[in-house]
Amino acid sequence: DALPIYYDREYLAKLAGRLAVKLKGAEVRAVFKEDLKDLSGEDVYMVQQYGPLRDIAEDISARYDLDCVISTENCLITAFTSGCGGVGTSSAAVCYGRILAQLYGLKTLYISLDVLSAKCGAARSGARERLYSLVFEEDGRQEIKDCLYTDSFGLNYLAADGVINPCMYLGQSDFSRMISRFCRSFDRIVLDVPLCSALGFDALELSENVVVCLGWQAEKPAASTALYGLLSASRSGVTAFSVLYSGEEDMDIYGQFGAEVRELAQSIEGK
């Protein structure tokens, strides 16, 4: 029998599919508030808070003694965000992805949710059409490699064309579908999430780990510290991260900035 899971419609519509993947061998179905009256004789698992799907899957498996395997091989998502701009969030996210790709040998994809495509990846004609074909077409004719480019560290990026980041044209369910599609092909996904993005909080909900960048300037940490307090009070897997300095020259993984991000990667990856 399927295990009913209840939270709210929007949350489960995005996450039930990924949760079923985490619980290998178990069938999971989403139950919405209006369905509860029809389940009076059934045991319904109530999701108490937003959080990493890995934690929710482990709790479900232990509580119901399910004969299933908690997948540790599925793609893990780490989101980098901050309460304000100019604190090195994108630099940290890219550096983190490069460390995972080059030093850990993990197939890693970096996705920026900045509205401007120039900040997201290399320009390539027809990139938006290829991405949407990959996300929405069920026959699988579009190859993932046609939507990407790879830097010298082995980190993969979404290619873009035009002024606007193609992710900005996706709705919440579309974005979730895109992430689920890429989860089948990558070991790790690194999301660069400005909170001004329409998909910002949806991206954080999809992530097992969230890194809140505080910045190095004396006037910057207040907003991000408040954001860290808000997120860490409502879910697990949230880390506050600050660096001495961030700039274009610090994008390399072997300098001082890279050393700090490598320490962050070790704490998250457990390596």
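Q: Which is Ile60, buried or exposed?
A: This is a predicted model: local features need pLDDT of at least 70, side-chain atom pairs count only at pLDDT 80 or more, and totals for chains, interfaces and linings use all residues. Numbering runs from 1 along each chain as its sequence is written, and side-chain values use heavy atoms, leaving out hydrogens and water. Buried means under 20% relative accessible area, exposed over 50%, and partly exposed in between, with a 1.4 Å probe and protein chains only. Ile60 has a relative accessible area of 0%, so Ile60 is buried.

Q: Where in the secondary structure is Ile60 found?
A: Helices (H or I, at least four residues) and strands (E, at least two) are DSSP runs, numbered from the N terminus. The run that holds Ile60 spans residues 53-64, and this is helix α2.

Q: What share of the residues in the protein is buried?
A: The protein folds into eight helices and 12 strands. It has 271 residues, and the buried share is 51%.

Q: What part of the accessible surface belongs to carbon and sulfur atoms?
A: Accessible areas come from the Shrake-Rupley method with a 1.4 Å probe; for residues, only the protein chains shown count as cover. The total for the protein is about 12,500 Å², and the carbon and sulfur part is 50%.

Q: How many residues of α3 are buried?
A: Helix α3 covers residues 89-102 and reaches 20 Å from its first C-alpha to its last, close to the 20 Å expected. The expected span is 1.5 Å times one less than the number of residues. Among the buried residues of α3 are Cys95, Tyr96, Arg98 and Ile99. The helix has 14 residues and is mostly covered; the buried count is 12.

Q: Which residues of α5 are buried?
A: Helix α5, residues 172-183, has 12 residues and reaches 17 Å, close to the 16 Å expected. Ser173 lies in this helix, but at 48% relative accessible area Ser173 is partly exposed. The buried residues of α5 are Asp174, Phe175, Ser176, Met178, Ile179, Arg181, Phe182 and Cys183.

Q: At what angle do α4 and α5 pack?
A: Axes are lines fitted to C-alpha atoms, for helices over the stretch in contact, and angles run from 0 to 180 degrees between N-to-C directions. The axes of α4 (residues 127-136) and α5 are 9 Å apart, and the angle is about 85°. Angles under 35 degrees count as roughly parallel, over 145 as roughly antiparallel, 65 to 115 as roughly perpendicular and the rest as oblique. The pair α4 and α5 is therefore roughly perpendicular.

Q: Which residues of α5 make the contact with α4?
A: Contact means heavy atoms within 4.5 Å. From α4 come Leu131, Leu134, Val135 and Phe136; from α5 come Asp174, Arg177, Met178, Arg181 and Phe182.
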